[in-house]
Protein chains: 2
Amino acid sequence: MQSKPRERLIETSLRLFSTHGFHATGIDRILAEAGVAKMTLYRHFRSKDELILAALDRYETIFRAWLEGVLRHSDRPPDQRILDLFDKLSAWFGASTLRELTFQGSMLTNAAAEFGQPGHPVHDAVAAHVRGLSSILEDTVSEAGLPANLSNRLVVTMFGAVLLAQVYRDPRVFQDARLTVSAILRETAPVPA
Amino acid sequence: MQSKPRERLIETSLRLFSTHGFHATGIDRILAEAGVAKMTLYRHFRSKDELILAALDRYETIFRAWLEGVLRHSDRPPDQRILDLFDKLSAWFGASTLRELTFQGSMLTNAAAEFGQPGHPVHDAVAAHVRGLSSILEDTVSEAGLPANLSNRLVVTMFGAVLLAQVYRDPRVFQDARLTVSAILRETAPVPA
DNA sequence: TTCGCGCTAGAAAAGCCTGTCTGTTTGTTC
DNA sequence: GAACAAACAGACAGGCTTTTCTAGCGCGAA
């Protein structure tokens, strides 16, 4: 608990929101587990919604770094890196299932489910974050010499796989998704399986 | 309001849960909009969770009928019907966006997002419903003479497309998904685009 | 050492949540 | 027409929600 209150609030929110959802997580619980006073929260954030936005922002930062690690900082050919992504997702699933917390899918799409109304700040933030992550895929697709609009199909497959892994509690979904992506890539250019 | 109270409760729940989410919808609002007394609700359902389960059940029934209409009751060849599915999803998106209610994605996966803990009755019900819907796709895949395990990939693509259409508010996602499915099918057997 | 700032604890406001209970009215069936 | 079951309205309990407020503690800087 040596870090600063604002930081503890964001980290604790990240954990609780992704585990129990947004509406189901009360502010009192966040404060208790972060060891922060109520006034301090409202000094840093105008409302609970703003705290949610901050937690989503942090989530996007973490996931972006992970995704860039997989897609950019690798010596394998770009199309192979895209296939690797689904093996890494599968490993991520296994790791978070084994720990104290069970795999809870993507916090971004979970937020989209709870805040479905377009125009709501949280919904709009989710859309922006997803678009941002999508552009990383787009870069890798371009690097592979493939048409850029291919990345939309990859995003659908990636989030679809994360979603169904959450529902089914089965990492084999990622292998199915990998086969799908393999078919998508093979359609345009020959790719080693 | 001539239908029976139990029916009105389920229909109103279906509408409110899918529009505003489960935790965000209080039973008082359901009761007011259904025109039903509180005691009547608790005569028919032991708790709010049971009402949620009933609403999900109804949702599955409706979506199953719709899906069977697209995949079974059609004179087009089975692989073509699978491709048609994504055109019909796109039309469904457009229809529900134009009405009073905006498109809110799949109520099943929205429920999975709010009730992420495995073992929770709602989570388990969602998993069972998704499996049931998946078997309809499996039948059509078999009918087309394709390997049955292909249906898992189609399910990922379908739910992924619904999810991203909800986030992006853009029906073009379904065309992307259709291209993906086309690639999946083409990988195994020649299919007219 | 003293000032000021960020933090703490704790209380309180105002409202919504689920679930229970009482009494009345309506509708159906013998 | 009497009897019975179901649905009605409305109040109430107990708890949780977000947000605001007061009062004091502790630490770093001047």
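This is a predicted model: local features need pLDDT of at least 70, side-chain atom pairs count only at pLDDT 80 or more; totals for chains, interfaces and linings use all residues.
Visitor: What is the phi of A:Arg169, a residue that is not a glycine?
Guide: A:Arg169 is not a glycine.

Visitor: Does A:Arg169 count as buried, partly exposed or exposed, and which cut-offs decide?
Guide: Buried means under 20% relative accessible area, and exposed means over 50%. A:Arg169 has 23% relative accessibility, so it counts as partly exposed.

Visitor: Where is B:Arg169 in chain B, and what is its phi?
Guide: B:Arg169 sits in the loop between α8 (150-168) and α9 (172-188) of chain B. B:Arg169 is not a glycine, yet its phi is positive, at about 60 degrees.

Visitor: Which side chain of opposite charge is nearest to B:Glu114, and how far away is it?
Guide: B:Glu114 lies in helix α6 (residues 107-114) of chain B. B:Glu114 is buried, yet has no salt bridge. A salt bridge needs the charged atoms within 4 Å. The nearest side chain of opposite charge is B:Lys48, at 7.6 Å.

Visitor: Which backbone nitrogen does the side chain of B:Glu114 reach?
Guide: B:Glu114 touches B:Gly21, B:Phe22 and B:His23, among others. Its side chain comes to 2.9 Å from one backbone nitrogen, that of B:Phe22.

Visitor: Which residues of chain A does B:Glu114 touch?
Guide: Residues up to four places away in sequence are not counted here. From chain A, B:Glu114 touches A:His20 and A:Glu114.

Key: Residues are numbered from 1 along each chain as its sequence is written. Chains are lettered from A and ligands numbered from 1 in the order in which they are written. Side-chain values use heavy atoms; hydrogens and water are left out. Buried means under 20% relative accessible area, exposed over 50%, partly exposed in between (1.4 Å probe, protein chains only). Helices (H or I, at least four residues) and strands (E, at least two) are DSSP runs, numbered from the N terminus. Lys and Arg count as positive and Asp and Glu as negative; His and the chain ends are not counted. A polar contact is a pair of N or O atoms within 3.5 Å; within protein, one must be able to donate a hydrogen and the other to accept it, and residues adjacent in sequence count only if both atoms are side-chain atoms. Contact means heavy atoms within 4.5 Å.
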